[in-house]
Amino acid sequence: MQTVAKLIDTSLCIGCKACEVACQEWNDQEFTLGTFGGTYQTKPELEHNFWNLIKFNEYETDGQLSWLMMKYQCMHCQDAGCMKACPAPGAIVRLDNGTVDFNHDNCIGCGYCITGCPFDVPRLSPTTKKVYKCTLCSDRTAVGLEPACIKTCPTNCLTFGTRTDLLRKAEDRAVELQADGSTHAGVYNPQGVGGTNVIYVLKDASNPESYGLPKDPTIPWTVSLWKGPVKLLGSVIFLGGILGTFFHYIRFGPKLEEEHPDD
Amino acid sequence: MIDRFNIKERFIHWMVAICFIYAALSGLAMWSRHLFWIATVLGGGETVRALHPWGGIIFALALGFMFRNWASQMKLDSDDKVWLKMSHRYAMNDEAGVPPSGKYNAGQKMLFWMQSAFTLLLFLSGMILWFPEIMPRTLRLGAVLVHPLAAIGSIGGIILHIYMSAFAVPGSLRAMTRGFVTPGWAKAHHRKWFQQTTKIEDERAR
Ligand code: HEM
Ligand code: SF4
Ligand code: SF4
């Protein structure tokens with residue numbers, strides 16, 4: 001099956017938040033009032049029952065203020081830090097179409113995925129003690145529908161399709177924007193996590209931080225160390241300890257209470 | 001028979017041991033997907049996730065009591081330092097030239113200090129891992145290394161400890177179950193301690 005993706009063309013986002021509403025509606029999430037941060041942003045951050053957030057970034061360069069609106073959600077990384085960190089078999093699964101989905105029956109609520117994710121996306125629910133995030137509407141894509149946010153977007157800022165198609169489309173759009181005067185326009189598909197299934201066109205791709213996106217996201221090195229060499233070290237020490245002491249017994253035997261040789 | 005551990009020491013030791021074994025098994029269940037079956041045995045992943053930190057905290061508390069009782073007896077003396085240099089001879093049961101030990105030999109003392117340090121690390125990093133949603137990210141990124149590394153070190157130490165007490169030095173286990181050892185055992189393995197205790201008893205008898 002082809003990997004599916006979502007393209008977000010930030011130059012077309014008008015901050016209407018229709019996608020936020022569609023996400024809440026389709027996924028049947030209760031809206032809980034949060035903190036008001038003094039901007040148009042609905043919430044300061046993603047929440048366990050709020051998976052799709054339009055960030056309103058105010059970014060100043062040379063006395064010029066840009067008001068950057070951008071849809072934030074799980075990036076459905078190709079090399080997903082959440083999956084790498086998760087200890088519970090089957091709690092985080094990659095669907096045939098490339099989507100990274102959580103399977104809550106298997107989730108134990110340890111929160112390792114929160115630490116493994118370079119985009120700070122998964123959120124623990126205080127009531128169910130399980131972790132939640134955008135599913136790329138896996139229950140819709142499974143039957144050939146596009147995700148709810150895409151369906152509702154009034155400006156064509158959001159498109160759904162195969163990853164290969166959308167990457168090409170994104171490149172074309174970046175060229176178009178460059179011709180329009182946004183010389184730094186480009187595609188955000190960070191290679192540090194093997195590329196993402198949520199792809200952005202940014203008007204200034206040289207500075208993704210101004211949109212609230214990490215510049216060079218990778219799985220944190222301590223997480224890679226933890227799940228690689230540290231595991232190996234542990235296996236060596238545990239097996240070495242058990243086998244080593246066993247063979248020590250075979251070779252040297254127990255210490256008997258005979259007279260000490262120095263006597 | 002010579003008394004070695006009183007009931008208080010034995011109680012604390014087994015509190016530490018039981019909680020450690022629970023914390024270690026439940027922790028290992030979450031350490032590797034290949035060991036997740038341990039979680040199933042212990043009541044399921046959610047149960048293990050919820051109870052492991054409590055097991056760990058009771059363990060750390062019990063170890064705190066153990067530390068208070070024993071720390072003063074665990075200082076290395078000059079014989080112990082020579083003992084450590086000769087420890088390969090001790091390990092090969094060829095003890096010519098290995099200095100005699102007091103109540104604890106240098107290996108036991110080192111184990112005590114190492115386990116105490118690892119427990120402190122396990123406790124601090126465990127508290128961070130416990131609340132991923134409120135702990136700062138940098139602390140969590142450190143804790144995911146410190147916690148398993150300290151666990152590996154302490155489980156490794158305990159494998160050695162169990163081997164020594166239950167297999168390699170016969171007669172040791174009874175010191176921690178019933179509290180006493182034979183004079184022969186004391187003389188062979190902890191001579192300085194044997195001499196002290198028998199001297200005290202001689203004086204009493206006189
Ligand atoms: C001292 C208090 C302790 C606390 C508060 C604590 C807490 C935690 C927490 C919160 C986790 C993450 C999984 C979970 O949420 O259950 C964890 C994992 C773990 N704990 Fe502990 N723990 C403690 C002591 C210990 C001890 C004594 C051991 C045994 C040697 C141990 C071994 C482990 C292991 C092996 C893991 C899995 C680490 C990994 O996934 O790499 N812990 N602990
Ligand atoms: S953005 Fe985070 S939660 Fe989403 S797939 Fe990547 S690592 Fe996992
Ligand atoms: S909280 Fe759930 S999904 Fe996240 S790492 Fe733990 S078991 Fe896996």
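Biologist: Which domains are assigned to chain A, and where do their bounds come from?

Modeller: Chain A has domain 1 (4–217) and domain 2 (222–259), with bounds from an automatic or database domain assignment. The model is predicted, and local features need pLDDT of at least 70, side-chain atom pairs count only at pLDDT 80 or more, and totals for chains, interfaces and linings use all residues. Residues are numbered from 1 along each chain as its sequence is written, chains are lettered from A and ligands numbered from 1 in the order in which they are written, and side-chain values use heavy atoms, leaving out hydrogens and water.

Biologist: How do you know that domain 1 and domain 2 of chain A are in contact?

Modeller: The centres of these domains, taken over C-alpha atoms, are 46 Å apart, but contact is judged by heavy atoms within 4.5 Å, and five residues of domain 1 of chain A and four residues of domain 2 of chain A take part.

Biologist: What makes up the area buried between domain 1 and domain 2 of chain A?

Modeller: Buried area is the accessible area (1.4 Å probe) that two parts lose on being put together, summed over both; for these two domains of chain A it is about 400 Å², with 76% on carbon and sulfur atoms. On the side of domain 1 of chain A, the residues A:Lys84, A:Ala85 and A:Tyr112 supply 75% of the area buried against domain 2, more than any other three residues.

Biologist: Why is B:Ser101 called buried?

Modeller: The word applies under 20% relative accessible area, while exposed means over 50% and partly exposed lies in between (1.4 Å probe, protein chains only); B:Ser101 has 4%, and is therefore buried. Among the residues that B:Ser101 touches, not counting those up to four places away in sequence, are B:Trp83 and B:His189.

Biologist: Why is the pair A:Lys130 and B:Glu46 called a salt bridge?

Modeller: The rule asks for a side-chain nitrogen of Lys or Arg within 4 Å of a carboxyl oxygen of Asp or Glu; the closest N and O atoms of A:Lys130 and B:Glu46 are 3.0 Å apart, so the pair qualifies. Between chain A and chain B the rule finds two salt bridges, whereas between domain 1 and domain 2 of chain A the count is zero.

Biologist: How many residues of chain A and chain B are in contact, and how much area do the chains bury?

Modeller: In this interface 49 residues of chain A are in contact with 44 residues of chain B, and the two chains bury about 4100 Å² between them, 62% of it on carbon and sulfur atoms.
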